[in-house]
Amino acid sequence: MLAEFEAAHPGIRVKAEVLPWTSDEQRQFLVINLEGGQPGFDVMMLDCIWVPEFARAGWILDLTPGITPDELAAHFPSAVEAGTYRGRTWALPWIMNVGLLYYRSDLLGRYGFRPPATYVEMLEQIRVIRAGEKNRKLEGYLWQGKQYEGLVVNVLEGLWADGTTLVGEDGRIFPDPERAEQVLRFMRMLIDTGASPGWVTAGDEEVTRRAFGNGEAVFLRSWPYAVDMFEKPGSPVRGKVGLAPLPSHEAGRRAPGSTGGAHLAITRQTLHPAEALELARFLTSPRAQRAMTASGATKPTRMALYHEPELVRASPNLPRIHDLTLAGRTRPVTPYYVMMSTTLQPELSAALVKVKTPARSVADARRRLDFFLRDLQE
Amino acid sequence: MSPGGPAATVMRSERRAPGQGLLLVAPALLALGALTLYPTLWVGWLSLQRRIPIFGVERFEGLGNYIFLATDPRFWKAAQVTLVFTVASVALELVGGVLVALALRGQRAGARVGLSFLLLAWALPSVVTAKLFEWLYNPAAGLVNFLLGGVALNWLGDPRLALPGLILADVWRTLPFVTVLCYARLLAIPVELYEAAQMDGAGAVATFTRITLPLLRRILLIAVLFRTLDALRSFDLMFVLTGGGPAGTTETLTVYAYRSLFQAVQLGLGSAVGVVVFALVMLVAWGYLRALRHEGLAA
């Protein structure tokens, strides 16, 4: 793709730099280089949750003057929102993600069930299916409970499913602490009753994806990346997996999945702002995103691609993923998100593994974050 | 020892131009100063500030960061985790290392192959080791639970098991280091000593406690020094395997420092943790150096 860009833009040469695999290490690399003031690169990929933080730090260029609103309209609104801070555009949407529910359509079909709209329904379906299947290895609902960002996302989706949220209007976390405690209690209950296996407290995306992919569970909360793996030839669950919105806590209430993904931003120190923007534009163009979608792995931020016949033929779930993404919601768009998340992770984990009561966890997280944010309220 | 030998050497060195020795070590001292002393002092200075570069906060805070640490349960938990991890893993490595070295000594032919296999574990990058143990500890399909008779232990997700699981992984990884040190020392013990002991009718236990162990003492002290300092600073295993979880039960001081520095971007707070770890390491090193001096192993 870079070669194609260079061919189309004589005079511009692009050098790609490969960053460490995990998001944590990528961020560390970027923070160190940008804080040093001599980044040595022009365009960078940012996890969507870092954009406001990097913008506030003054590390990335305000792209607003060079970008027309029409250009952004083709992307998912939540992706555009994630690249916006203080009403200005700081990064171009590139890769899209959304939390969704995978279910075993063969098992649900055998017992005459439709994908569950509420958790109560889901628990009932798990009970009936496991009783009927008499397969001791069949788990109910898998999700990500390891102490890491994924746990925060799962809790966040739990809060939304219960009609509350993580960050209130005043910028404080857990605006409704009792609701938050209730959500944590519910997640504990999933483990206590065996609806989710005890090991979800060590489960990340890959651990849970593998178990579900081996046919060991009825439901899985994950991201769209897994769908093509489940449909690979030789997969034990091939042709037996359906996609649905996450269940809610109350009939009739929507439970959005958390959106995620990556954006392209340009360093403030760049010597080539025009060329860098040109490259970012090219990489986020329909053409480039189509090529990335066709290769599997990532999903595009451009909505139209989810309905292109050629792409849909190769990946029939695309239109469904489009709808689920459209219904998704961004994690709090705040410069303090990473700070919040890392503060929350051990506290939420402590509540799940019963080292603390949910009330204690919520209170401790609030106190700690208050210390961190003391001088920072805008 | 001939009477004139060592004394003459001392005489010669005293006749050197004053300061010549200092001149000779100056480059090394300068390099050390630039690479070690300066960053150490800088971290000490940072630890007295409230500094959040991303958000432009920068002011002198005095002991505020230390006061926060002193009242932060998560910090004390990290200190406790670090100490438990260090004591347990070093103790197990010492005992295991000596036992394996003894077993290897008995069979010189197989020893070379055995050592190569052991060293493989030590040569693996920690992150690879961590990933390996992620598989071994997998609750559903991991080898560890299989070997334990198909139990369903949630190694990395259970607050009671996660730290022991990490300690085992660390022992697996660094036991070869102790083994190799001990094995080399064992080979240097004259066989006559054992033959004499046998003639005196000493049993296996007496031979071990009266001959082998005293002769291993010095090398074990060195092993303890290296391993303790490493364990106090350990980071990669827990960072990759558990991220400090569940519930912070495997969060060591260095993981705590990392989270403060790079994730919460609290430079002052993270530096304060760094200073604490530094002090801890210096304290331990000082204690061991005293012990080694006592043994005549250090000046």
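In what order do the four strands of the mixed open sheet of chain A run? The order is β6-β7-β5-β8, and the pairing is mixed. The model is a predicted one. A second open sheet in chain A, also of four strands, is antiparallel and has the order β1-β9-β4-β10.

- From one strand to the next, the twist averages 20°.
- Strand β7 (residues 217-222) of chain A pairs with β6(A) in the parallel sense, over three bridges.
- Across from Y141(A) stands F219(A), a residue of β7(A).
- Helix α10 (residues 205-213) of chain A lies across β5 (100-104), β6, β7 and β8 of chain A. The helix runs at about 150° to β7(A).

- Five bridges join β1(A) to strand β9 (residues 259-266) of chain A in the antiparallel sense.
- L46(A) has H263(A) of β9(A) opposite.

**Hairpin of chain B**

- Strands β1 (residues 49-52) and β2 (residues 57-60) of chain B are paired in the antiparallel sense over four bridges.
- I52(B) faces V57(B), which belongs to β2(B), as its opposite residue.
- Four residues lie between the strands of this hairpin, and G56(B) takes a positive phi near 70°.

**Second largest pocket**

- The volume of the second largest pocket is about 600 Å³.
- Its lining comprises 25 residues. Those nearest the centre of the pocket are E139(A), W199(A), P139(B), A140(B) and A152(B).
- By class, the lining residues are twelve nonpolar, seven polar and six charged.

**Aromatic pairs**

- Over all chains, a search of the whole structure gives 25 aromatic pairs.
- In the pair of F76(A) and Y306(A), the ring centres are 5.3 Å apart and the planes are at 75°; the pair is therefore edge-to-face.
- F76(A) sits in the loop between α4 (69-73) and α5 (77-82) of chain A, and Y306(A) in the loop between β10 and α14 (309-314) of chain A, so the pair ties together parts 230 residues apart in sequence.

**Backbone details**

- A cis peptide bond leads from G245(B) to P246(B), with omega near -10°.
- P246(B) is placed in the loop between α11 (236-241) and α12 (253-263) of chain B.
- F174(A) is not a glycine, yet it has a positive phi of about 55°.
- The loop that holds F174(A) is the one between α8 (149-161) and α9 (177-192) of chain A.

How values were computed: Residues numbered from 1 in each chain as written. Chains lettered and ligands numbered in written order. Predicted model: local features only at pLDDT ≥ 70, side-chain atom pairs only at ≥ 80, totals over all residues. Heavy atoms only, no water. Pairing = 2+ DSSP bridges. Helix = DSSP H or I, 4+ residues; strand = E, 2+ residues; numbered from the N terminus. 1 Å grid on protein atoms, 1.4 Å probe; cavity = no way out; pocket = protein on both sides within 12 Å on 5 of 7 lines; lining within 4 Å. Points joined across faces, edges and corners; volume = space filled by probe spheres on them. Nonpolar A, V, L, I, M, F, W, Y, C, P; charged D, E, K, R; others polar. Phe/Tyr/Trp six-rings, centres within 6.5 Å; stacked < 30°, edge-to-face > 60°. Axes fitted to C-alpha atoms, helices over the stretch in contact; angles between N-to-C directions. Contact = heavy atoms within 4.5 Å.
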